[in-house]
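Look over the sequence and the structure first, then read the points by topic.

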Amino acid sequence: MAKAFFIDTTLCTACRGCQVACKQWHDLPAEITTNRGTFQNPADLTFSTYKLVRMTEEVIDKKLTWLFFPDQCRHCIEAPCLETAENSDAIYRDEDTGAILYTIKTKELDAESIISSCPYNIPRKAEDGTISKCDMCNDRVHNGLKPACVATCPTGTMNFGEREEMLALGEKRLAEVKEKFPNASLLDTDEVNVIYLVTHDSRLYHEYAMAPQSRKSGISRKVALRKMMKPFASLMRV
Amino acid sequence: MNLNRREFIQVSGATAAGLAVSTLGFDLKPVKSHAQMLKTKYAKETTTICCYCAVGCGAIVHTSKRGDGRVINIEGDPDHVINRGALCSKGASIKQLTENENRLTRPMYRAPYSTKWEEVSWDWALEKIAERVKKTRDDGFEKTNSKGQVVNRTTSIASVGSAAMDNEECWIYQALLRSLGLVYIEHQARI
């Protein structure tokens, strides 16, 4: 019964409604930013910015192309952050929705190892060491509403529903888009619950749009070891 | 902790981290179930129209039923024919029209050549505006054009706006501007 997003970047106009709706619903403060010569603002995800429309300008086939990528947590099916934390009070999965959720107890974790475990470079740390990221608007989803970013999207870029439905929608859109963009693809469909449709090489959109091969091939040695030791560790605790 | 609804929302919602990392205690079980509770659960719902562009998107305003009745949330109205729940970045931010510490609540005046703004009363401001409109209009008023034809116009004032007005307000506004003799009347949705 896991929920999933389908983010169709071919429809995105970078209006940033999702970004603002996310801030609005979560009562997050604004960032103080400076003009860096791009409309992408703020520059990066932060402790109080869970959603960010990344914008890149690329010359593709001698034509200026503006690529938009509404970046957010992917709510991984096997979440490396959750496995690295090994503390369900700090990072846990909501079994009903599949959302990966962070609590205030993330303060007790080693923030750097959690952040570096994320193949998509999503979690961000506050000064006091608490870590935050997108929570899939779990409160809304439990009450039959769509996440704030999806509800507000005027173009149909952001979609949310049962994982199977989103996969089907993704495949349907991919087939349609392929006619015009032969290199179009869905990103990391088997690993994540936030499925992106892109028309060009994912690295042009964002360095971490897709999980790097090194991370994709498996979890880090440290996490693998811990996973192996888990049955023993829980025995030890008894 | 003994909290009313509003304070409860502030505690749970206004922490920099939002619901995801907020807590009202140190036992995590209530936090986890609290994280599933909607902040708009006990709020009153009112519909409104976004004040920005001329599209006229519908929105739902959630206000606190108790105490000060302040705004908890504003989001797109899924039943509205224009936007069907969608809002752009400006529309998604309209809660800040009321819930914003930087919002001006009194008219401000900066005198010519002055470098600072000062607070003035509504009466003073309205009086001053009327006075200046009258003076500018009278000074630049043309009864006839160069060919001697009667025009009764002023080209000293122009009007741009307003997308936030409805049909009836536009009529009153148009009548006001025409009675002053304005000919430069434009609507920003066309610009």
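The notes below cover rings, charges, backbone geometry, surface and annotation.

This is a predicted model. A search over all chains finds six aromatic pairs. The search for salt bridges, again over all chains, finds 22. Selected examples follow.

**Aromatic pairs in chain A**

- The rings of A:Phe39 and A:Trp66 have centres 5.8 Å apart and planes at 55°, so this pair is tilted.
- The pair links distant parts of the chain, 27 residues apart. A:Phe39 is in the loop between α1 (17–26) and β2 (52–60), and A:Trp66 is in strand β3 (residues 63–71).
- A:Phe39 counts as exposed, at 56% relative accessibility. A:Trp66 counts as partly exposed, at 40%.
- A:Phe69 and A:Tyr196 form a stacked pair, with 4.3 Å centre to centre and 20° between the planes.
- A:Phe69 has 0% relative accessibility and counts as buried. A:Tyr196 counts as buried too, at 1%.
- Ring pairs link A:Phe39, A:Trp66 and A:Phe68 into a cluster.

**Charges over rings**

- In chain A, the charged end of A:Lys133 sits over the ring of A:Tyr102, 5.0 Å from the ring centre.
- In chain B, B:Arg110 lies over the face of B:Trp117, at 6.0 Å from the ring centre.

**Salt bridges**

- A:Lys107 and A:Asp128 meet through their side chains in a salt bridge of 3.8 Å, N to O.
- A:Lys107 lies in the loop between β5 (100–102) and α3 (111–117) of chain A, and A:Asp128 in the loop between β6 (124–125) and β7 (131–132), so the bridge ties together parts that are 21 residues apart in sequence.
- A:Lys107 is partly exposed at 42% relative accessibility. A:Asp128 is partly exposed at 45%.
- A:Glu176 forms a salt bridge with A:Lys172, and their closest N and O atoms are 3.8 Å apart. Both residues lie in helix α6 (residues 163–178) of chain A, four residues apart, about one turn of the helix.
- A:Glu176 is partly exposed, with a relative accessible area of 37%.
- In chain B, the side chains of B:Arg153 and B:Glu142 meet in a salt bridge at 3.0 Å, N to O.
- B:Arg153 is in strand β7 and B:Glu142 in strand β6 (residues 141–144), so this bridge ties together parts that are 11 residues apart in sequence.
- B:Arg153 is partly exposed at 28%. B:Glu142 is partly exposed at 25%.
- Salt bridges with shared partners join A:Asp44, A:Arg54, A:Asp71, A:Arg74 and A:Arg124 into one network.

**Backbone geometry**

- The peptide bond from A:Asn41 to A:Pro42 is cis, with omega near 0°. A:Pro42 is in the loop between α1 and β2 of chain A.
- B:Gly161 and B:Ser162 are joined by a cis peptide bond, with omega about -5°. B:Ser162 is in the loop between β7 (150–160) and α4 (167–180) of chain B.
- A:Asp27 is not a glycine, yet has a positive phi of about 50°. A:Asp27 is in the loop between α1 and β2 of chain A.
- A:Asp61, another residue other than glycine, has a positive phi near 50°. A:Asp61 lies in the loop between β2 and β3 of chain A, and is exposed at 75% relative accessible area.

**Surface of chain B**

- B:Trp122, B:Leu126, B:Ile129 and B:Val133 make a nonpolar surface patch of about 410 Å².
- B:Trp122 is in helix α3 (residues 122–139) of chain B. B:Trp122 counts as exposed, at 53% relative accessibility.
- B:Glu127 lies in helix α3 of chain B, and is exposed at 55%.
- B:Glu127 and B:Gly58 are 69 residues apart in sequence and 35 Å apart in space, C-alpha to C-alpha.

**Annotation**

- UniProt, in an unreviewed entry, places the feature "domain: 4Fe-4S Mo/W bis-MGD-type" at residues 43–102 of chain B.
- That span is 0% helix and 30% strand, and its end C-alpha atoms lie 25 Å apart.

Conventions
Residues numbered from 1 in each chain as written. Chains lettered and ligands numbered in written order. Predicted model: local features only at pLDDT ≥ 70, side-chain atom pairs only at ≥ 80, totals over all residues. Heavy atoms only, no water. Patch = residues over 30% accessible without salt bridge, like charges linked within 9 Å, V, L, I, M, F, W, Y side chains within 5 Å. Areas by Shrake-Rupley, 256 points an atom, 1.4 Å probe, with all protein chains shown as cover. Salt bridge = Lys/Arg side-chain N within 4 Å of Asp/Glu carboxyl O. Helix = DSSP H or I, 4+ residues; strand = E, 2+ residues; numbered from the N terminus. Buried < 20%, exposed > 50% of the residue type's maximum accessible area, 1.4 Å probe, protein only. Phe/Tyr/Trp six-rings, centres within 6.5 Å; stacked < 30°, edge-to-face > 60°. Lys NZ or Arg CZ within 6 Å of the ring centre and 35° of its normal. UniProt positions renumbered as here; feature names shortened; annotations may be inferred.
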